[in-house]
Amino acid sequence: MRPRLATSLAVAALSATLVVPAAAPAGAAAPAAPAVEALLAGVDPDATVSVLVTLRSDAASPASLAAKGSGRSRHESLVRGLRAAAEARQRGVRDDLDRLARRGRVRSQDPLWVTNAVAVRATPDAVREIAARPDVASIVPDRVVITSTLLPPEPNIDATHAPQLWAGGRTGTGVVVASLDSGVDTTNPDLAASWRGGTNSWFDPYGQHAAPVDLLGHGTSVMGTMVGDTDAGSPYGMAPGARWVAARIYDDAGGSTLSAIHQAFQWLLDPDHDPATDDAPDVVNLSWVLGTGAGCDLSLEPDIAALRAAGILPVAAAGNFAPSATGSSASPANYPEVLSVGAVTANNTIASFSSTGPSTCGGRTRVFPDLVAPGKTILAADKGGSYAYVDGTSIAAPHVAGAVALLMQDRPTLTPDALTSALTGTAHDLGAPGPDSTFGAGLLDVSAADAEFGPTGVVGDFGLTVDRPGVAMAGSRSAGVVLRVQPRDGFTAPTTLSLEGLSAAEANWWFVPQQLGSGRWTSALRIQALPRLSPGVHRVTVRAKGGGRDHTVVLTLLVIRPLHRAWR
């Protein structure tokens, strides 16, 4: 086999967001934003331009829409809620677009409900008219640039301990993984066999290919690392029993548009256009970045938030912008809702290209990346049924997405939060002790994450409540609360309690009992303040973990020191 150089792709916004000014006073004409005028400068009045019109919105968040249901109904309520909210908020602008279309000034409009925007192709004067609407938040060019860089060209699967799960029959069977990328070439026998098939398993927003295709090879490499089997001569994919679906975000010319990426995310939430059916994927891999370099670009935050609210875990490549003391993270990997993956070499050193933290993009508070996986000289599938050795965080991320498929095989109700907690909590620590801004939590260890969940086949979930939200403690006296785990939907897994927020030097605490299970779901917590615990208000967290579920409740402690009087 003769390895070939593989291409690492990045999506770059062509220009900054064109901000539309606030609405003009009643009766006054609202001037178009200077940035919009800059966009339209030099455009023939009879020509058309493609723009993405984003509307102002006070709609409910995806998480609150999804909270109206549970399980399958949660996903359905999310999709229906997003569609209804977008339809209501877009009605005015779409009426105007229809009117302008009848006058020949709007050639096309494509409403998007995942991000409350409308992709529009229209004449310059029509764009100006739409820009003046008070409900329009921004207008951006509907085009993006693909930045390609050639990187030098398998123990990698062994390094994640995936074969230990395979030995127990855990190969990702029944789980659906997805990729938004350059597509997938089904010339590869492994990938042809594992495609889910049907009209709801492939999406080309450009309408150029009705069946899976990959003209670049990047998406094929990514998918092979998630679900490849043994066609290469040895196992090279993490979850060979899983099935895949994919959306293509690059057209035949290697270009892309913002609206196409939004449409691809939208399709992931509802592939068959019927939110009542269960055909969305369980995990989505994003091996590309927004921008030609490190930075925070929140263009796709609504899409990612909707995925997470629907119970779909987004896994993303950290970026290939090299370590930096001030941070070199890229979007969407640095969003708080995303599980971000850096790359290490076979010797478990950070790859020379792997982006590092810190990052506060979108309000992110934890380290970046979340963890690392093999990303240097990795044997991967390539277009045309061939194979290549590739480098990049693009190839590290699908190791983690494939690991998610292994964990979910017998635990289909695992939440993104539980998966993230298990994968980061069991990663093999590298570099400085504890999570850091180079390796994150450490190297992926899917076998250890699997053990964190306990026996497979766990169903249901539980709630965690406390009989009172706060306690007061005076002197060395202890105070207590009663905790209740409330199983639902058949949950029976052993559940362990722990306390966070106090050190052993500040207080003693104990649970009676600390592990709960069938027949006993109530525990008493006692806390005793030690002299080093300062007077005042302290907040601590009680955590309950079991069966892959992880819930917390916050307690307020009021520490009061007794007054000492000097007697005369």
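Let's start in a loop: A322 sits between strands β12 and β13, where strands are DSSP runs of E with at least two residues, helices are runs of H or I with at least four, and both are numbered from the N terminus. This is a predicted model, where local features need pLDDT of at least 70, side-chain atom pairs count only at pLDDT 80 or more, and totals for chains, interfaces and linings use all residues. Residues are numbered from 1 along each chain as its sequence is written, and side-chain values use heavy atoms, with hydrogens and water left out.

- A322 isn't a glycine, yet its phi is positive, near 70°.
- With 27% relative accessibility, A322 counts as partly exposed (buried is under 20% relative accessible area, exposed is over 50%, partly exposed is in between, using a 1.4 Å probe and protein chains only).
- P332 is in the loop between β12 (313-317) and β13 (339-344), and a cis peptide bond with omega of about 10° joins S331 to P332.
- Moving on to the loop between β13 and β14, you'll find N348 there, with a positive phi of about 65° despite not being a glycine.
- N348 is partly exposed, at 28% relative accessible area.
- P369 also has its place in the loop between β13 and β14, and the bond between F368 and P369 is a cis peptide with omega of about -5°.

**The sheet and its helix**
- Seven strands make an open sheet with parallel pairing, in the order β9-β10-β8-β11-β12-β13-β14; two strands pair if DSSP finds at least two bridges between them.
- At the edges are β9 (202-203) and β14 (371-374), each pairing on one side only.
- Strands β8 (residues 176-181) and β11 (residues 283-286) run parallel and share three bridges, and A178 has V284 as its bridge partner in β11.
- Helix α8 packs on this sheet and touches β8, β10 (243-248) and β11, where contact means heavy atoms within 4.5 Å.
- All ten of the ten residues of α8 (residues 218-227) are buried, so this helix is largely enclosed by the rest of the structure.

**The whole chain**
- The protein chain has 13 helices and 25 strands.
- Of its 568 residues, 52% count as buried.
- Its accessible surface comes to about 22800 Å², and 54% of that belongs to carbon and sulfur atoms; such areas come from the Shrake-Rupley method with a 1.4 Å probe, and for residues only the protein chains shown count as cover.

Methods: Axes fitted to C-alpha atoms, helices over the stretch in contact; angles between N-to-C directions.
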